[in-house]
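Work through the exercises below with the sequence and the model open. Try each task before reading its solution.

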Amino acid sequence: SRRMLRLLDGRSVVPERELALFSSVSLFKPLSGILLERLAARCHASTACDETIIREGEDGDKFYVIDEGKVAVSVAGKQVAVLGHGDYFGEIALLRDVPRMATCSAVGPVKLLSMSRLEFRAAVLGTSGSAEVTEAEMGRRLTQAADRSAGSPGR
């Protein structure tokens, strides 16, 4: 059986680029290597160019990580941030079951990796360690959003 396992292991393709990108995402830091590989293998690649990716007020169904390019984030029509490689968006609507809190639009060509609500929630809420990191990160991002709406400069 070891020979068969080695053969199967040798044939498996690890999506290295996606794995490296997901490994850099703060929400995914507590996840095991095996789970990260599974997420990387199941994620969906897409592109956008000068278009809206998610719209404030809509229902959330996906989590996004930026592979290449820039994404502008706006709230109530006011730009509050510009995100780039390794940044992510869409998590709050998925985790809190609330409408999207911001509009995210591609600035020029953008490559994205995404995953469904179900895959994302299972990954980040699957263990107590990952759930704690997720709650802390969401709290930080919600505080930043509140600061921005109060007039503090964003990134």
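Buried means under 20% relative accessible area, exposed over 50%, and partly exposed in between, with a 1.4 Å probe and protein chains only. The model is predicted: local features need pLDDT of at least 70, side-chain atom pairs count only at pLDDT 80 or more, and totals for chains, interfaces and linings use all residues. Residues are numbered from 1 along each chain as its sequence is written, and side-chain values use heavy atoms, with hydrogens and water left out.

**Exercise 1.** Classify the aromatic pair of Phe63 and Phe120, and state which parts the pair ties together.

*Solution.*
Step 1. Rings of Phe, Tyr and Trp (its six-membered ring) pair if their centres lie within 6.5 Å; planes under 30 degrees apart count as stacked, over 60 as edge-to-face, the rest as tilted.
Step 2. The whole structure holds six aromatic pairs. In the pair of Phe63 and Phe120, the centres are 4.2 Å apart and the planes 15° apart, so the pair is stacked.
Step 3. Find the elements. Helices (H or I, at least four residues) and strands (E, at least two) are DSSP runs, numbered from the N terminus. Phe63 sits in strand β3 (residues 62–75) and Phe120 in helix α5 (residues 117–125), so the pair ties together parts 57 residues apart in sequence.
Step 4. Check burial. Phe63 has 0% relative accessibility and counts as buried. Phe120 also counts as buried, at 0%.
Step 5. Widen the view. Phe22, Phe28, Phe63, Tyr88 and Phe120 form one aromatic cluster.

**Exercise 2.** Which residues of α5 are buried, and which are exposed on the other side?

*Solution.*
Step 1. The buried ones are Phe120, Ala123 and Val124.
Step 2. They cover an arc of only 85° around the axis, which puts them on the same side of α5. The arc is that of the directions from the helix axis to the C-beta atoms.
Step 3. Leu118 and Ala122 are exposed on the other side of α5.

**Exercise 3.** How do β3 and β4 pair?

*Solution.*
Step 1. Two strands pair if DSSP finds at least two bridges between them.
Step 2. β3 and strand β4 (residues 78–83) pair in the antiparallel sense, over five bridges.
Step 3. Ser74 has Gln79 of β4 as its bridge partner.
Step 4. Two residues lie between the strands of this hairpin, where Ala76 takes a positive phi near 55°.

**Exercise 4.** Locate Gly126 and decide: buried or exposed?

*Solution.*
Step 1. Gly126 is in the loop between α5 and α6 (128–149).
Step 2. Its relative accessible area is 51%, so Gly126 is exposed.
Step 3. Leu31 is 95 residues from Gly126 in sequence, but 9.1 Å away in space, C-alpha to C-alpha.
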